[in-house]
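Here are my notes on the model you sent over. I went through the confidence scores and then the RNA side of things.

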Amino acid sequence: MIKTKTLEILNSTLKRCGERGLFQIPSGFEIQLEVPRVDAHGDFATNVALTLAKPNRCSPRDVAASFVEQLADGDGFFARVEIAGPGFINLVISPSAWFQILDEIHRLDLNYGRSHLGHGRYVQVEFVSANPTGPLHVGHGRGAAVGDALASILEATGHRVEREYYINDAGTQIETLGRSVFLRYQQLLGRQVDFPETCYQGDYIQVRAREMQEIHGDSYLNVAEEEALPLFSDYAGKRILDGIRNDLQEFGVNYDKWFSEKSLYENGAVDRVIETLKAAGHIYEKDGALWFRSTALGDEKDRVVVRANGMTTYFASDLAYHQDKYLRGLDLVIDLWGADHHGYVDRMYAGVMALGKEREALRLLLVQLVNLLRKGQQVAMSTRAGEFVTLREVIAEVGRDAARFIFLTRRSDSPLDFDLELAKEKSADNPVYYVQYAHARISSIIRLAEEQKLALDEKEKLDFNRLELPEEIALIKQLSLYPEVVENSARFLEPHRIPYYLTQLASAFHSYYKHHRIIQDDLALAQARFNLVQAIRVVIRNGLGLLGVSAPEKM
RNA sequence: GCGCCCGUAGCUCAGCCCGGAUAGAGCGUCGGACUUCGAAUCCGCAGGUCGCAGGUUCGAAUCCUGCCGGGCGCGCCA
């Protein structure tokens, strides 16, 4: 890559300066290389001279001058080297070096942008994990889009990745679900029963109740609630989970594993993790309950793991779940949580550390709320009353690509406005179409070239030197940044960087396309440009791929 | 009260982790561009005390401190 090579040259130059005693180099000194905002400042700029000036007690421009003098560049890699402003060294890379990027993109094709950053580290992304007590809503959709994209990005950067869904199929919520269905079932059979507010109100409860009636008739009408509950809970939970699986699959999300919370109780993992913590001295007894001393590990208060009544808490099963993850050999566990869980973050990190892992072995990402709008007006949503917009409805209305892309345009820890009308609009308001359109346009050029048998693909006649326009070099530079964007996206666990980059790239392409013809009489020029736009298409397609968004050839 | 996150153009946001030269997009406003590869596009104009105040630095949207404003969280609930 161009940047790495530039850095190599600068480092060897610095070493030479040190050896020849031109100036002192503090130990641990590292050269900073950046892409300047202003084109006039070159392709790369470094502030070495500014930072070395002080320890050497001389002016930055003098340091820069001796540095540049030592800068050997036998193969013409740099087209120009300049000292500017207070002492920046601006570097302009020669076009021929940039042209190599195009070859690289075509050679690597689908693999362009992939890297070995992760060195095969075993990473799990656990996301959505909604309770199987109701259908997925828009907020879950955001978690799904972010989690899935993140997993893809990590895969692309050399991590071994696993997608997991944690099913909360134990505890009171699932019981409440069973009770809700049971009560509706009784009502269907004509019995007058109170339907408490604490039960789930949505229509989907009625649906399950009717199904139970179809399967079992009235045989549970006179059965006591405690007796009927396991069956009703189990059935409703399974059916709803099937729905969730279905919705996610239609959204393009496929999990490697669906992990049951109940299994942790059944196989004794919950008891085991408490024993582990006890043995390590993290547990004490107070007021008849067992407490986890999480304050010792950065939490603001200690947490109960076994209540005075002998029941374990939700946190206890979460500890067991995470212990299980690490026993499976995971190097890094990434959990995506709804933002309302953020009071829970510190205790989870504390828990993981108490289990003997580094804090860095866990990354909790909070996904903020989705604010659903229609033409700028807030769409009312109330989960309790069962009035919410489901993910399924949103996909049906705006489509999978638009939904995914919009979910990914903002950093996930800030709230997101999602306007249903805007998402459907086929215009520049809607960044999905903007990027996809660029891909479709290029595809259309390629189709045309094929139809006219223009032989634009013949490599032996290809002369990149015909790409002389500043816009063309700028486009290649932008393409060369793509692998770095993906790597940074993985490093910071921030998928939103990719939609942002793609929008910029699409914009540069659209502008270029408008001003210059690709296909034209000058065959050599046409070939060079054709090759360039093909490279753009490769990058757009690869980028959209990471987001789970399609790259259409026609729209 | 304590803790976490946020505050950048009229609106929605990127940039902050790792300080750099004149702070960027899109939308919206206004005005332009289709006989030529897809106008779902492009071009131009206008729009900023980067919440406020200090500090560190040759240099701060970026790092530190305090304050102001907004959001969320603080159960032997899940």
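**Notes on the predicted model**

1. Confidence first. Chain A has a mean pLDDT of 89, with 96% of its residues at 70 or more (pLDDT being the predictor's confidence in each residue, from 0 to 100). The scores for the model are ipTM 0.92 and pTM 0.93.

2. Ground rules. This is a predicted model, where local features need pLDDT of at least 70, side-chain atom pairs count only at pLDDT 80 or more, and totals for chains, interfaces and linings use all residues. Residues run from 1 along each chain as its sequence is written, chains are lettered from A and ligands numbered from 1 in the order written, and side-chain values use heavy atoms, leaving out hydrogens and water.

3. Who sits around the RNA? RNA strand B is surrounded by 60 residues, the closest being Arg37, Arg410, Tyr434, Arg441 and Phe492 (near means a heavy atom of the residue within 4 Å). By class, that surface has 26 nonpolar, 16 polar and 18 charged residues; here Ala, Val, Leu, Ile, Met, Phe, Trp, Tyr, Cys and Pro count as nonpolar, Asp, Glu, Lys and Arg as charged, and the others, Gly among them, as polar.

4. Some atom pairs to look at. A polar side-chain atom of tyrosine 437 is 2.6 Å from a sugar or linking oxygen of RNA strand B. Bases are contacted too: a backbone N or O atom of alanine 308 lies 2.8 Å from a base oxygen, and a side-chain N or O atom of tyrosine 500 lies 3.4 Å from a base nitrogen.

Definitions and conventions
Polar contact = N/O pair within 3.5 Å; in protein donor to acceptor, adjacent residues only side chain to side chain.
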